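Colleague: Could you walk me through a few local features of this model? I would like to go from loops to strands.

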Amino acid sequence: MKRTWKFFAIALIAVMAAGISGCKHKHNYEVLEQRDATCVEDGFRRSKCKDCGEVLEETLYALGHDYDIHNACTRCEYKLEPTVTLQYIFAENENGYYAVLGSSKATEIVVAAYYLAKPVIGIRDEGFAVPEGEKVPVTQGAEIVSVVIPDGVKTIGERAFYGCAKLETLTLPRRSLLSIGDLAFRGCVALKTPNASRGVESIGSNAFYGCNALTSVPDMPALKTVGEYAFSACEALEHVYLGSGTGSVGNGAFAECPRLRSVALGSAEVIGRNTFLSCPRLEEVSVSSALKQIDSAAFTGCTALKAIRFGGSMADWAAVTKAADWFLTSLEPGEFVDYYIYCADGTLDHNGVETADAGR
Ligand SMILES: [Zn+2]
Ligand SMILES: [Zn+2]
């Protein structure tokens with residue numbers, strides 16, 4: 001937990017430092033060291049400003065494979081071996097295919113990047129889902145243990161893997177994936193945290209609801225929108241780090257996560273209804289100065305809360321619109337949750353009153 005916060009603090013300081021010196025001059029960077037990214041591995045670049053000496057370190061994200069029509073990478077030696085029994089449905093208007101399980105009985109799924117010389121652009125809505133309440137399962141999705149979605153795929157449809165209870169290992173495209181649909185992985189109780197997918201901009205509502213083996217939100221630095229209840233009822237979820245590009249987090253996004261300890265909410269403007277409802281181990285939440293509103297029951301039941309780290313000033317915090325019951329708990333009369341609100345210019349106690357150093 002500590003590491004997450006240190007990382008966040010360092011990131012903030014770096015941003016602040018860049019901002020401050022940026023006022024004085026435009027940096028004149030010179031590259032000191034660079035390792036290019038490959039298809040599968042990140043690279044880095046270290047540069048130094050010739051004028052002020054400031055050092056900039058950047059991650060160059062892995063490129064992902066660039067497949068040809070034979071599913072061979074044009075950049076490296078890698079050849080994808082797609083599961084031959086899968087089916088693909090052509091989308092005329094998009095000139096590409098959507099993958100579905102169809103009648104395949106495969107349990108280790110590798111989706112093709114190209115099918116019949118056209119790109120596979122998505123996983124179809126309900127493509128691998130296990131429908132609820134059907135007497136005869138429409139698909140064998142319940143038996144799937146691993147899925148590889150290749151670079152090139154842009155969308156994972158609604159309910160695409162809904163109820164795939166044995167699905168454990170998910171490999172996402174490194175950069176091409178843009179969106180994960182509503183309910184896409186709902187009820188995938190064995191699903192472990194997938195790899196970084198650096199292009200994902202939106203995660204739909206209930207997308208990872210009830211994914212009990214997920215310990216963190218996958219690394220998705222382009223993420224802008226997290227849907228309602230997207231990570232709700234995830235038993236093992238402990239730490240969540242959303243980058244500064246995340247501006248919208250839906251109601252109940254992290255509700256009822258019994259092990260959740262720390263969350264960085266990026267630049268969310270609203271902490272919506274039920275966002276952290278019944279997260280009894282939640283200790284720290286950080287949110288930027290973009291925050292404008294906290295809704296009903298957002299922190300209800302967060303009895304372990306110690307710190308809200310807010311990017312704005314104490315006056316900004318006071319100006320945040322807060323529902324009357326944003327922090328109701330079921331404590332005995334006279335008892336209270338002893339948390340502090342760490343603002344840029346001082347610290348407030350749980351009554352919103354300025355206080356001397358509270359162990360910051
Ligand atoms: Zn400079
Ligand atoms: Zn490659």
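**Loops and strands**

Modeller: Gladly! Let us start with Leu331, which sits in the loop between strand E22 (321-322) and strand E23 (340-343); strands here are DSSP runs of E of at least two residues, helices are runs of H or I of at least four, and both are numbered from the N terminus. This is a predicted model, in which local features need pLDDT of at least 70, side-chain atom pairs count only at pLDDT 80 or more, and totals for chains, interfaces and linings use all residues. Residues are numbered from 1 along each chain as its sequence is written, while chains are lettered from A and ligands numbered from 1 in the order in which they are written.

Colleague: Is Leu331 buried or exposed?

Modeller: A residue is buried if 20 or more other C-beta atoms lie within 10 Å of its own, exposed if 12 or fewer, and partly exposed in between, with C-beta atoms placed from the backbone. Leu331 has 10 other C-beta atoms within 10 Å, so Leu331 is exposed.

Colleague: Which residues is Leu331 in contact with, leaving aside its neighbours within four places in sequence?

Modeller: Contact requires C-beta atoms, placed from the backbone, that lie within 7 Å. With the neighbours within four places in sequence left aside, the contacts of Leu331 are Thr303 and Phe336.

Colleague: Which residue in the turn of the hairpin of E4 and E5 has a positive phi?

Modeller: Strand E4 (87-91) and strand E5 (96-100) have a loop between them, and they pair in the antiparallel sense over five bridges; pairing means that DSSP finds at least two bridges between two strands. Gln87 has Val100 in E5 as its bridge partner. Four residues separate the two strands of the hairpin, and the one in the turn with a positive phi of about 55° is Asn95.

Colleague: Which strands are the edge strands of the open sheet of three strands?

Modeller: The order in this sheet is E1-E2-E3, with antiparallel pairing. Strand E2 (residues 43-49) pairs with E3 over six bridges, and Gly43 stands opposite Leu60 in E3. The edge strands each pair on one side only, and they are strand E1 (29-35) and strand E3 (55-60).

Terms used. Contact = placed C-beta atoms within 7 Å.
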